[in-house]
Amino acid sequence: MGTNAFELLRAKISERDYMKLLRIENPGFKEFIAEYINLLNPASVYVCDDSGEDNDYIRMKAQELGEEKALKIKGHTVHFDAYGDQGRDRKNTKILLENGEDLGAQIDTGDRETYLRDVHEVMTGIMAGKELIIRFFCLGPVNSKFSIPCVQLTDSYYVAHSESLLYRTGYEEMVRQAKAAAGDEAKLNRYFRFIHSAGQVDPVTKVSVNLDKRRMFIDRDYFTVYSMNTQYGGNTLGLKKLAMRLAIYLGSKEGWLNEHMLVMGVHGPAAKDGDLYKDANGKRVTYFSGAFPSMCGKTSTSMMEGESIIGDDIAYLRADGGVARACNTERGMFGIIQGVNSTDDPQIYAKITSEGSEIIFSNVLVLEDGSLHWIGRDGEVPEKGYNHSGEWFKGKTDASGKEIPCSHPNARFTLSLDQLKNVDPNLENPEGVKVSGFVYGGRDSDTWVPVEQAKTYEEGIILKGAAIESETTAATLGAEGVREFNPMSNLDFLSISIGDYVNANLKFGAGLGDAAPGVYSVNYFLKGTSGEFAGKFLTGKNDKKVWYKWMELRANGDVDAIETPSGFIPKYEDLAKLFTEVLGKELTKDLYNELFKLRIPENLRKLERLEKIYKEQVKNTPARVFEVFAEFKARLLKAQAEMGDYVLPEQFLY
């Protein structure tokens with residue numbers, strides 16, 4: 001279908017909206033729009049630019065058609081997904097590849113021609129009788145080296161509304177980049193395309209009906225995502241995790257990284273001449289990025305009291321000016337609400353329970369007066385209300401006899417970060433921020449110490465980032481204690497082989513040389529093995545404040561450390577001082593020793609597991625990975641022969 005077809009579709013597009021599309025001087029874009037309007041067959045088309053008028057229209061239609069309902073607090077609305085459509089659908093999510101390329105057993109791929117034929121069949125006429133919304137967004141700050149313009153086609157006003165909170169508007173960026181790329185086909189094609197339809201919806205509940213026809217296909221080489229017959233944000237907000245597959249692939253070709261990382265500013269002592277960043281109180285600010293699997297404290301870390309947030313989920317990282325720079329690809333938060341309460345998450349809780357913010361809640365419990373409850377909120381669970389299962393009451397069970405909780409465990413809240421008082425002033429900085437440290441963490445009861453710096457960037461990527469394992473819990477994730485391998489906490493979103501992905505991270509740091517960020521590991525879930533500490537969690541929920549304050553000092557050369565076979569750990573006197581200053585509590589020497597003793601048998605077993613995975617399951621593993629494993633193993637065995645299985649920090653000082 002050529003651009004002439006675009007002219008023929010004017011019957012479905014108002015003159016106002018046609019002129020908006022015409023401003024984008026990109027023939028390939030017009031062909032794309034024409035092809036999918038023809039295939040989807042909507043009754044009408046509404047084109048959004050960056051204006052507030054269009055956002056108002058989307059908000060109004062979301063409530064008018066019942067996709068969202070107003071709540072007691074002004075500006076707050078609630079959306080429900082279909083029962084069984086409240087999480088990412090891994091089974092029907094595939095990377096489309098040509099020429100039989102194999103990315104390894106852990107990455108679900110499919111033949112491009114076969115799966116495009118399937119999804120085009122599913123989406124043919126799927127918007128009949130509906131309005132197609134065309135929205136433009138920008139991943140990364142606008143007018144920046146990070147900027148990737150995006151176009152979203154959807155028939156869901158809830159999805160379009162959510163995206164207006166989560167992403168930067170990108171119509172003018174699309175216009176700008178098209179003009180700048182005139183005549184350069186590669187640059188003209190460098191934008192992401194997202195096509196979504198909720199499909200047939202229930203006339204009363206407004207939820208997707210044909211869940212058996214869900215499709216989430218990522219056409220990697222053509223920068224296109226298809227999402228059909230679903231409403232859950234993780235499946236439909238294409239610019240989020242679906243776009244990560246596109247950006248990881250693009251970054252691997254262009255030499256930058258798309259990571260599943262928070263970006264935050266940690267506020268240190270008074271700034272000195274030469275410090276790059278300082279806050280309004282004159283304190284030094286040092287930026288860290290961090291990757292954590294689900295339910296391991298990622299959002300709570302990014303929202304620590306006293307620090308500032310740039311992003312809680314996805315980051316682009318570029319080597320620019322000889323240093324690593326990061327930006328938040330988004331401008332909002334699609335946060336899990338389970339467990340959010342006034343004690344553990346005071347800033348988020350205060351924001352989502354008060355007036356003055358535009359927030360969309362999903363799959364929570366709504367009471368008769370329009371107020372909300374969710375698992376873990378302050379107060380008692382109400383006797384009844386309305387949730388994703390319909391009318392709800394205590395003890396209600398589903399078709400299999402399983403009790404339905406008051407809210408779904410994956411219930412969410414969506415808000416823009418600029419509504420938070422702790423948002424960092426560099427959120428929209430087109431240069432991003434200099435990152436001084438990459439932090440990796442997971443649920444680990446027996447191996448990693450609470451905080452440690454890798455000896456080198458290379459060892460950090462291999463022994464920390466590429467070595468993440470996270471233990472499942474019986475309460476939320478199935479069988480307790482199963483270790484799930486999840487390199488850089490990004491396994492679910494890779495569009496290149498794990499080996500190539502690890503290599504891309506290694507090359508990124510190698511290109512920066514001595515200016516590469518430090519690499520750290522944290523562990524909020526370590527349990528004791530001896531004496532009074534045996535079997536107990538060793539750290540409190542707020543102790544992570546100390547780990548990050550230590551990393552901030554370490555990144556700026558303000559504290560020394562103890563070198564062990566696995567990296568650099570804090571000295572007792574430095575941590576004891578921080579525990580007093582930051583938390584107002586004592587760190588005993590006995591607890592310090594239990595926290596930071598080197599557990600050699602557990603580290604050796606972890607190495608054995610990793611070697612097996614990288615030898616047997618990972619394609620294209622760099623040879624250097626096995627060399628670093630061998631070097632680490634030799635150091636552990638030497639320490640074990642000299643000092644035993646469990647080595648206290650002070651033993652490394654002699």
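Buried residues are those under 20% relative accessible area, exposed ones are over 50%, and partly exposed ones fall in between (1.4 Å probe, protein chains only). The model is predicted: local features need pLDDT of at least 70, side-chain atom pairs count only at pLDDT 80 or more, and totals for chains, interfaces and linings use all residues. Residues are numbered from 1 along each chain as its sequence is written, and side-chain values use heavy atoms, with hydrogens and water left out.

**View 1. Helix α17 and its cover.** Helices (H or I, at least four residues) and strands (E, at least two) are DSSP runs, numbered from the N terminus. Helix α17 spans residues 589-596, and six of its eight residues are buried. These are L591, Y592, N593, E594, L595 and F596. Their cover includes the helices α15 (544-555) and α16 (572-583). Strands β26 (451-453), β30 (562-564), β31 (567-569) and β32 (598-599) are also among the covering elements.

**View 2. Helix α7 and its neighbours.** In α7 (residues 171-180), the buried residues are Y171, E173, M174, V175, Q177 and A178. They pack, with contact meaning heavy atoms within 4.5 Å, against the helices α2 (15-22), α3 (27-40) and α8 (185-188). The strands that they pack against are β6 (131-139), β7 (148-154) and β8 (168-169).

**View 3. R135 in strand β6.** R135 is located in β6 and is buried, at 2% relative accessibility. Leaving aside residues up to four places away in sequence, R135 touches C48, N55, I58, C150, V151, Q152, A160 and S164. Its C-alpha atom is separated by 6.6 Å from that of L153, 18 residues apart along the chain.

**View 4. Nonpolar cores.** A nonpolar core is a set of buried Ala, Val, Leu, Ile, Met, Phe, Trp, Tyr and Cys residues joined through side-chain atoms within 4.5 Å. The largest has 148 residues, of which F192, I352, F361, F438, W547, Y548 and Y614 touch the most other members. Helix α10 (residues 241-254) gives the most to this core, namely seven residues. Another core, of 36 residues, lies apart from it and has F6, I37, V122 and A178 among its members.

**View 5. The α13 and α14 pair.** The axes of α13 (residues 457-465) and α14 (residues 498-510) come within 9 Å and cross at roughly 160 degrees. Axes are lines fitted to C-alpha atoms, for helices over the stretch in contact, and angles run from 0 to 180 degrees between N-to-C directions. The two helices are therefore roughly antiparallel, where angles under 35 degrees count as roughly parallel, over 145 as roughly antiparallel, 65 to 115 as roughly perpendicular and the rest as oblique. On the α13 side the contact is made by Y457, E458, I461 and I462, and on the α14 side by V502, N505, L506, F508 and G509.

**View 6. The α18 and α19 pair.** Helices α18 (residues 600-616) and α19 (residues 623-643) pack at about 160 degrees with their axes 10 Å apart. That makes α18 roughly antiparallel to α19. From α18, the contact residues include L604, L607 and Y614; from α19, they include F626, F629 and L636.

**View 7. F493 in a loop.** F493 is in the loop between β28 (483-485) and α14 and is buried, with a relative accessible area of 2%. Beyond residues up to four places away in sequence, F493 touches R88, K241, M244, R245, I248 and H260.
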